[in-house]
Amino acid sequence: MTEHSAISPKPIPTLPDAQTVTSVTHYTDHLFAFRCTRPRSLRFRSGEFVMIGLLGENGKPLLRAYSIASPSWDEELEFYSIKVPDGPLTSRLQHIQPGDPIILRPKPVGTLVLDALLPGRRLWMLATGTGIAPFASLLRDPETWEKFDQVIVMHTCREVAELPYGRDLIEALPHDPLIGEFVGDKLLYYPTTTREQSAQMGRVTDNLSSGKVFADLGIPPLDPVVDRAMVCGSLAFNLDIKKILEEAGLHEGANSAPAQYVVEKAFVD
Ligand code: A2P
């Protein structure tokens, strides 16, 4: 064995559709984000998801749907995830380190895309927990800012420590070299918590139904002619929000039949 081969990096196990983790950021005991290499062939629309995962104990891929949190022009891919102690995938995924391989199927899909919305003036991004991930992609897409005069982000988490991933991203937008100049004063951000005191409290649903968000931001109520919405959260959240949007006269769109709002379920392990 030559000296060169003795110091070469440890061999990476051969995985189907392998990509390499490039960075990992832990936000709380149960939230983390990571970046990985991007397959050269992967093209996606902001808001779409892909299947990612690790090799299971049985040698078979253990995959889950994850919204891509990075914009479509980024050289790498970014994901934002919960850590579930006994979750089949996230109990292991939370321990990944830069240099580790992950599996990424390069077939993006999803309904949370601008193409599934009719033209409008205001775009609402309504998220709970890690449901902010697809909006991290959409907010950095120039098309979002070209298509809408105003973008309102409502993000609700249980605790204050769960907000920084979204807040940091939003605070960085005006300084973004690609989209900063488009953002201007178009962006309204309404983060809330439900189980810990913070500047703004309450569920997205309650703040819409009571009219509090409109009063706080000084904007008119929902109007199906003007408003479009993109929704991403837990199943219960998505169902409750749909009811509110339908009552306001907005209807669900799809790629084949664009309308006033679209919905995606946030990843749950
Ligand atoms: P709450 O603390 O009142 O349950 P979770 O971690 O359970 O997914 O919740 C994330 C955030 O979403 C929490 O702030 C939670 O509020 C809120 N939430 C959960 N279910 C709903 C729902 N059906 N409608 C509106 N908000 C919800």
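How many residues of domain 1 are in contact with domain 2, and how many of domain 2 with domain 1? The model is a predicted one, so local features need pLDDT of at least 70 and side-chain atom pairs count only at pLDDT 80 or more, while totals for chains, interfaces and linings use all residues. Numbering starts from 1 along each chain as its sequence is written.

The protein chain splits into domain 1 (3–109) and domain 2 (114–265), with bounds from an automatic or database domain assignment. Between them, 17 residues of domain 1 are in contact with 16 residues of domain 2 (C-beta atoms, placed from the backbone, within 7 Å). On the domain 1 side, strand 1 (18–28), strand 2 (31–37) and strand 5 (76–82) give two or more residues each; strand 5 gives the most, with four. Strands here are DSSP E runs of at least two residues, and helices are H or I runs of at least four, numbered from the N terminus.

Elsewhere, five strands make an open sheet in the order 9-8-7-10-11, with parallel pairing (pairing takes at least two DSSP bridges). Strand 9 (187–193) and strand 11 (261–265) sit at the edges, each pairing on one side only. Strand 7 (residues 122–128) and strand 10 (residues 227–233) are joined by six bridges, and R122 has D227 as its bridge partner in strand 10.

As for the ligand, 14 residues surround it, the closest being T128, T194, R203, A236 and F237 (C-beta atom, placed from the backbone, within 6 Å of the molecule). Strand 8 (150–157), helix 7 (204–209) and helix 9 (235–247) each supply at least two shell residues, and helix 9 has the largest share, three residues.

Notes
Contact = placed C-beta atoms within 7 Å.
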